[in-house]
Amino acid sequence: MAANEDVDLSPAALHLESPDGRSFVVRGPASQRPRVGDYLELDTVGGPLAFVEEVLSDAAGAGFVASGSLVGESASASDERARWAQAPLRPTQDAAVEALLSGSDPRLHLGHLVDHAEVGVALIPKRLNRHTFWCGQSGSGKTYALGVLLERILLTTRLPMVVFDPNSDFVRLGEMSPGADPESVAALADRDIVVLRPGDERSPLHVLFKEMTPRARAAVLRLDPVVDRAEYNALLGLMADLDAVDTPDIVGHLHSLGDPDATALAQRLQNLGVLEWKTTWAYGAESATAVIDRRPAATVLDLGGYDRNEEQLTVTLAVLDDLWARRAERRPLLLVIDEAHNLCPPDPETPLGVAVRDRLIQIAAEGRKYGLWLLLSTQRPSKVHPGIVSQCDNLTLMRMNSRDDLDQLSAIFGFVPRGLLAQAARFRQGEALVGGGFVPMPSIVRVRGRVTPEGGIDVPVPMP
Ligand SMILES: Nc1ncnc2c1ncn2[C@@H]1O[C@H](COP(=O)(O)OP(=O)(O)O)[C@@H](O)[C@H]1O
Ligand SMILES: [Mg+2]
């Protein structure tokens, strides 16, 4: 016998066991240890794929035990189960995984599998009809990747979006990067992308004080209904009266009434300088709410263009309140909120902050049936109100070191295997775990390139 016949250098044939036709276990030597997120292919025609969700060392420490779910069309065909009691595995072909993940339209690919560069992972746009949570530490590539998603939505759907943009990162969503492919350039050129910026002459971001709800106006004036009973009450009583007065004339009008509470209100307006927020108020011109009501493909609200946090909150509140007031129209809209902890933290400090957060909690809880869908991006799950995070059914997770944060996400997003979430500590920039209905399977992707430029970078110097 030749010496080398003693040693079998080919990989051991692995067999998978599936007692229930849904989950599986496979054991093997350490040299063939699969990774969480891998797909194993059953050596049967048209059989399911085995999606690896957990990999442990076996008791002796010499091999592995991998477990997970059987996926694919035939995974639920019960008469097939017997065949998988001891099913042999064969090397996985990209084609089998592609059939599961890639869909038919490559334009929908958010990126490709980190471990299989040939396999694109497709967005399922109709499943954007729920809320999406987007999380990852600073610098992980959230804003870039969010831009990739928004571009894909603009290119392949008719779902309109409003982008609350606190860092002016999306103000160039209507432009094209130099290297963008001609097909995307042509398709995006057809879309109506409106960027509203504070103080912009042609496309200003501002709202009407008059159109704001009583509660919102009181919040702008930092009035508490209990602590500031008299003034709050005066405001309510004067609401119709104020509607008839132009914004710049409000203070004079209040003084002229000769009523002590109206005078107090006038003083408050003056002291807070609210009416001097020149780029916040539309003073009779068209409000951002009216622009959004026309449903451009995308309306970017450049909140980063304001000096004051109160101005950002005021404009946001006016927009959210208006959308909520019109909810019965059931006109779909994706509300994209980058740095969402600014707008819906657990404990806002001001009445304006509370009003914005409460409206977002309401939209998170009830907005779906009215076609108001949230897409919230933030660094840490605990920085967004739990009543909002818990309403999200789609998750994108980018690099995240914190064990506590990962545990928290794991508790909320039970549909994403823990083993996959744990990988996030080692993600590189631009790598993301996507899970939930908006993708075929929980997958770790490297996001594709942008076709529109990121804001804030290479902004051309305005020339006369
Ligand atoms: N996938 C990517 N490809 C190329 N550059 C990226 C990618 N993701 C992020 N960057 C760059 O890294 C920096 C930080 O990314 P950003 O999306 O702003 O992170 P975050 O929003 O998580 O803080 C930006 O300058 C961005 O251009
Ligand atoms: Mg960012």
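The largest share of the shell around ligand 1, three residues, is contributed by helix α2 (residues 142-156), where helices (H or I, at least four residues) and strands (E, at least two) are DSSP runs numbered from the N terminus. In this predicted model, local features need pLDDT of at least 70 and side-chain atom pairs count only at pLDDT 80 or more, whereas totals for chains, interfaces and linings use all residues. Residues are numbered from 1 along each chain as its sequence is written, and chains are lettered from A and ligands numbered from 1 in the order in which they are written. The ligand 1 shell consists of Gly136, Ser138, Gly139, Ser140, Gly141, Lys142, Thr143, Tyr144, Gln429, Gly430, Val447 and Glu454, a residue being near a molecule if its C-beta atom, placed from the backbone, lies within 6 Å of it. By class, this shell holds two nonpolar, eight polar and two charged residues; Ala, Val, Leu, Ile, Met, Phe, Trp, Tyr, Cys and Pro count as nonpolar, Asp, Glu, Lys and Arg as charged, and the others, Gly among them, as polar.

The protein comprises 13 helices and 17 strands, and its C-alpha trace spans about 110 × 50 × 35 Å along the principal axes. Of its 464 residues, 43% are buried, that is, have 20 or more other C-beta atoms, placed from the backbone, within 10 Å of their own. In the largest nonpolar core, a set of 125 residues, the members touching the most others are Ala50, Leu301, Leu335, Val336 and Leu397; such a core is a set of buried Ala, Val, Leu, Ile, Met, Phe, Trp, Tyr and Cys residues joined through C-beta atoms within 7 Å.

The protein is divided into domain 1 (11-92), domain 2 (120-201 + 283-447) and domain 3 (214-276), with bounds that come from an automatic or database domain assignment. Contact between domain 2 and domain 3 involves 10 residues of each, two residues being in contact if their C-beta atoms, placed from the backbone, lie within 7 Å. On the domain 2 side, the elements that give two or more residues are α9 and α10, and α9 gives the most, with four residues.

Helix α10 (residues 351-366) has 16 residues and should span 22 Å at 1.5 Å a residue, which agrees with the 22 Å between its end C-alpha atoms; the expected span is 1.5 Å times one less than the number of residues. Among the buried residues of α10 are Leu352, Val356, Leu360 and Ile363, and the elements covering the buried residues of this helix include β9 (131-135), α4 (214-220), α9 (309-325), β14 (372-378) and α11 (386-389).

Key. A residue is buried if 20 or more other C-beta atoms lie within 10 Å of its own, exposed if 12 or fewer, and partly exposed in between; C-beta atoms are placed from the backbone.
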